[in-house]
Amino acid sequence: MFLMKWNGLTQKEAEARLKQYGYNEIKELIHISPLKILLRQIKKNFVVYLLLAAVLISFFVKETATAYTISVVLAAIVAIGFFQEYKAERAIKALKQMVMPVSIVIRDGKETEVQSREIVIGDVIVLRTGEKVPADCLILEERDLQADESILTGESQEIRKFSAKSEKNYERNNMIFMATNIVSGRCIAKVLHANMDTEFGKIAGMISTAEKELLLQKKVNSIAKIMVFIALLVSAITGIIMLARVPFSYSNVVDILIVVIALAVSAFPEGFPVVLISTLANGAYRMASKNAIVNRMSIIETLGETTVICSDKTGTLTTGEMTVKNVFADGKMFDVTGAGYEAKGEFFNRGKKIDVNENAPLSLLLKASALCNDSRIERKGTDSEYNAIGTPTEVSLLIMAAKAGVFREDLKFEREEEIPFTSERKMMSVLSKENKMYYVYSKGALEFLIEKCKYIQMENRLVMLTKREKDRIIEVNKKFTSQRHRVLALAYKKTNLIKKDDFESNLVFLGIVAMLDPPREDVAEAIKLSGIAGIKVKMITGDNKETAAAIAREIGILDSGKVITGDEIDKITDHELSRVVNEIVIFARVRPEHKLRIVKALKQNGEIVTMTGDGVNDAPALKEAHIGVAMGKTGTDVSREAADLILKDNSFSTIVYAIKEGRTIFNNIQKFISYQLSCNYAELMVIFLGILLGLPLPLLALQILFMNLVTDDLPALTLGFNPPSFDVMEAKPRRKSSILNKQLLKFLVTAGSIMALGTLGVFYFTLNVLNQDISVARTSALLALIFLEIANAFNFRSFRYPVHRLPFFANKYLVYASIASVLATILIIYTPLSKFFELAHVSIFYWLSAFAISLIVIIVFDVWKLRMKSNGDNGNSIKREY
């Protein structure tokens, strides 16, 4: 047995190979390691190191209570981050399982669909064009089989495969390998090796599990690093000022170090990683509930920037359940009743019901529809409804034949050879052996197939296919396409030659079938919403331009642009295409290579492109697009692997929903980061200004840590769950905007300043006017700052709408977090924990005062937001949000 040897392949080479071909499912082969996640949390969260330094300094200055408490907080931060990331990884794995590749296995003599990962050694599987090989297999039977093994070899050339002579006598070209793709043809193969015992599994064992850092995570980390730098700088300046005011002594240095620790801790944004992971994971879950499976978390940010959606027509803009409505054969027009995948219907000619068996051309056409077909239908129960396995177009032909009682299973034939359908040839042919005679059956696009025909089947005779008859057929075809029907032509011939070169010559034309695939009910509204959001929609289809235009008119996208065909694209250069591509809304009769050119042209014009695709040849376009979208129902394994987003329902509306969710997630990230920074800024200013004014330390390091963990992180976490605004899709797409802009900086600095001044005012009033003990003054300051931060969180639910204009439970999780913060504050004040936090048991007066002070930040921001609205600024500098 020939096995590929990888002993000489280094880890870097293996990683480069996998990265080059975009194979992102390698993590499915490696168990999620909790220990690795824990180590990664410690490694990537630089705040952990800063807190660890604070612990060591606290021990050095003999502040053991502070040291132990910071240690507990440190452990909590790592633990929360660990559980959130572990949960997120398990969630993403679960989401991917919703669209896990399936394979057809022959068990107990029947073809059965199973998840590819459940395949075992000895299984016999069936593979067709566009499918990914789930294991290392020996080829038992094949038809024109070609495989792409570039994932293993690095060579992109398609490799011809052949069936083995026996299970003991075979070579490399008699095997197909896990993770490679079937480019064309079909085969029946036996599984020899599965999972990590495969050739690909051996490479997987060498692959590093290092995670890619998200662009969002980089942006968040850069903000956190800036905040830490500011905190350390302010802490150092404060320490120097204090040291200059007092005589140098050990006790004074210790006191100053304690203050420096408190200042540094006040601005450490230790909650950023936890909140970011939680927000993204929650967004991915919400998208999954609406049938959009996120394949790469990094696209969530890009979704909100989308400016152009290039969508397939069939199954995405339309229902995908094709139904044959008309047949033109024997020079006559036949109407077919019924709809969907239910084999209930009759055949009529000029309003009169006919018996199909009495019309030879029509009977032959139905037989050809069943035999020249790679799809299959299975009865759901005792009625006439069927489950479809295959493409909608082919399934509609099987349902049409079933309405006349013609089933492939009842026909006595053997398929000897086939020439598969390709996007270049636009047709498919099979060689069938029936009662020692050979027949060729073909189907495809009329303009391609009719050129292969020499005769036409009429009642009980064959006649030459004249130019006049051709013109008549073409006119009928135009009539169908103008009524948005998809049209397929069928032909056959009886032959004694079984060479493929002779298959598609001198065919006998049988007729054309016109099928209808109606638009999805919600697609027109989704396209309208896209227009409002500033997103252009372009239809890309293999259908002719008349059919595409009819659908486009119905769903409302043809009014704003032009139509171009694949042949016309071939005649222009890439530069010329980039000049006209923005004006075109329909691309008809396109091939996969056209999709790639269209994406590149749009990107050259600065557009952020979302592209859909389902075929094996669509993978390059999906990778080239900013967001590649694959079909969960009909997409090939190759397209799903290349895609960033997978649609479980194949619906265009799901793409629009995903964009809406992407905008919402980005807005929520802006909210929780702005909120947390305003709180960190307030705590920093409370300490810094207090020292500058000659006041005692207003808050201790432990007290600040408590606020960071309870009243900063909890509300910030819930802001990540903020619901979408009703008008989030009314803003134009942002162009790679940063998380913080000038307007948000004004918001957070203003909020932080109000909270800092309010807290200092309460501290000064309690200490110097009410003449209370320092512990009481610090407790009152702590209460004031906690209530101010809670009130501020309600401010940050929206950058545009006043607090009183939004329902109190608009974000119910924020309400719950606020209650939890208050209860936790009660716990540390009125229990023995107060000794550790150096707090005093204060009366209800201080609670009411803190609550009253907190209303100031709400009033200021409500007035500010109302003035923005009256001045005509509807938040254009801040994207639409709640």
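I looked at what comes after helix H9 and found Asn-291, with a positive phi near 75 degrees. Helices here are DSSP runs of H or I with at least four residues, numbered from the N terminus. The model is predicted, so I took local features only at pLDDT of at least 70 and side-chain atom pairs only at pLDDT 80 or more, while totals for chains, interfaces and linings use all residues. Residues are numbered from 1 along each chain as its sequence is written, and side-chain values use heavy atoms, without hydrogens and water.

I then checked the span of H9 (residues 272-289): its 18 residues reach 26 Å from first C-alpha to last, close to the 26 Å expected at 1.5 Å a residue, where the count is one less than the number of residues. Of these 18 residues, 15 are buried, so H9 is largely enclosed by the rest of the structure. Buried means under 20% relative accessible area with a 1.4 Å probe, protein chains only.

Last, I read the confidence, pLDDT, which runs from 0 to 100 for each residue. The protein's mean is 82. Helix H1 (residues 11-20) is lowest at a mean of 43, and helix H26 (residues 774-795) is highest at 95.

Terms used:
Helices (H or I, at least four residues) and strands (E, at least two) are DSSP runs, numbered from the N terminus. Buried means under 20% relative accessible area, exposed over 50%, partly exposed in between (1.4 Å probe, protein chains only). pLDDT is the predictor's confidence in each residue, from 0 to 100.
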